[in-house]
Amino acid sequence: MKIDITKAASFVKADAIEALKPQVKAAQEALEQGTCAGNDFLGWMHLPSSITPEFIAELNATAKVLQDNCEAVVVAGIGGSYLGARMVIDALSNTFGWLKPSKMPRILFAGNNIGEDYLSEMIDYLKGVKFGVINISKSGTTTETAITFRLLKKMCEDQRGKEEAKKVIVAITDAKKGAARTTADKEGYKSFIIPDNVGGRFSVLTPVGLLPIAVAGFDIAALVKGAQDMEKQCDLNAPCEENPAAIYAAIRNAIYQSGKKIEIMANYQPKLHNLGEWWKQLYGESEGKDGKGIFPASVDLTTDLHSMGQWIQDGERTIFETVISVEKPNTTLAVPSDEENLDGLNFLAGKRIDEVNKMAELGTQLAHVDGGVPNIKISIEKLDEYNIGQLIYFFEKGCGISGLILGVNPFNQPGVEAYKKNMFALLNKPGYEAESKAIQERLK
Ligand code: PA5
């Protein structure tokens, strides 16, 4: 993985990065020594290097049970309890994977919304399919996930009988607390623990991400190896210039301080759409608080050059761009030549599709820089487990450092509670009587 900030650094004062270095170092030290705000949620810091081959084997063994017994596996979870798995599985899957015969179960994601049509249609689909469930919730009480799990548990038991259903339902939750733990223990489900000191959005390298990724048939050992190598590269003692997470944290804060408040993550591979979704949660939930924070947005290019491209090129100059560039595709396809050349495309004949994509990427970078958009480029060699593992740890460490430079607690999410309180009051949840009364008054 490489980071190139040359097309961003020219937008900030000559000494801006240098001036931030002491803060970068202080943030790294605070993370390492556990002296920063949110220091009870630093379990992600040395998580990759703490994962043992035995633990990977246990995850793979559980994955095999689901693979052997299910045509589909529903991952029920929301926020940090699904975005990481979805990002990795999408990045590594054959785009049209489920149209081809595959030994691996199809992975479905639910519990991340309360759409009645979404759930009804999923249930209709599952009627003819042998399915299992991975129920993921750290708190074990999240409404979206809990409603979905209630539906799926009943359906799975109806389909297979209670005893057989137990073999294909796995819980990933707190060691002791929450309804998901109570249910798992009472029913005797295989379960994995989400460590107390790892927050949801930093949990992709716990069973939260690793189990669904393994069930989908991907090499979680290689994913973890990528993260382990990046953990070493982002070590406190590495010089700032050689620490990609420190460089990223420094440049995005320098740009933010120069007045640009929106960071757009751009990819040129449709398979990376959900990298943008995962990254938005990681950075948005970690930094958007106390009236501060870069707003994380994302686009899929070249697709969105035909929509948001106009805004990026010419709209209000409050944005900067972070491009994820994949150096080599995993397949080979060239533009065919055509005798008649009716479409005028013979100038591309014989060229790899990826070469056209790369020229679009370079052309866009030059245009956006000309248009006043600072450009950070993050390159990985190819889309595989190892490289995605590197990206995961890089973005996590960059987020921790960046949030501390910004001056917030990057590891809490107090703002997420506001909607829940109102929703529970409106639904007359026991314990919310006073809030129910107040909200009814307000709605009169
Ligand atoms: O990052 C976070 O902590 C949140 O996004 C959670 O992951 C999300 O709210 C889901 O919570 P839980 O796993 O408790 O169901």
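Biologist: Why is the pair R201 and E285 called a salt bridge?

Modeller: The closest N and O atoms of R201 and E285 are 3.3 Å apart. The rule asks for a side-chain nitrogen of Lys or Arg within 4 Å of a carboxyl oxygen of Asp or Glu. The value of 3.3 Å lies within 4 Å, so the pair qualifies. This is a predicted model: local features need pLDDT of at least 70, side-chain atom pairs need 80 or more, and totals for chains, interfaces and linings use all residues. Numbering runs from 1 along each chain as its sequence is written, and side-chain values use heavy atoms, without hydrogens or water.

Biologist: Which stretches make up the two domains?

Modeller: Domain 1 is 2–35 + 225–406, and domain 2 is 47–218. The bounds come from an automatic or database domain assignment. Across their interface the rule finds 1 salt bridge.

Biologist: What makes the two domains count as touching?

Modeller: Contact means heavy atoms within 4.5 Å. By that rule, 22 residues of domain 1 meet 22 residues of domain 2.

Biologist: How much area do the domains bury between them?

Modeller: About 1,900 Å², with 64% of it on carbon and sulfur atoms. Buried area is the accessible area (1.4 Å probe) that two parts lose on being put together, summed over both.
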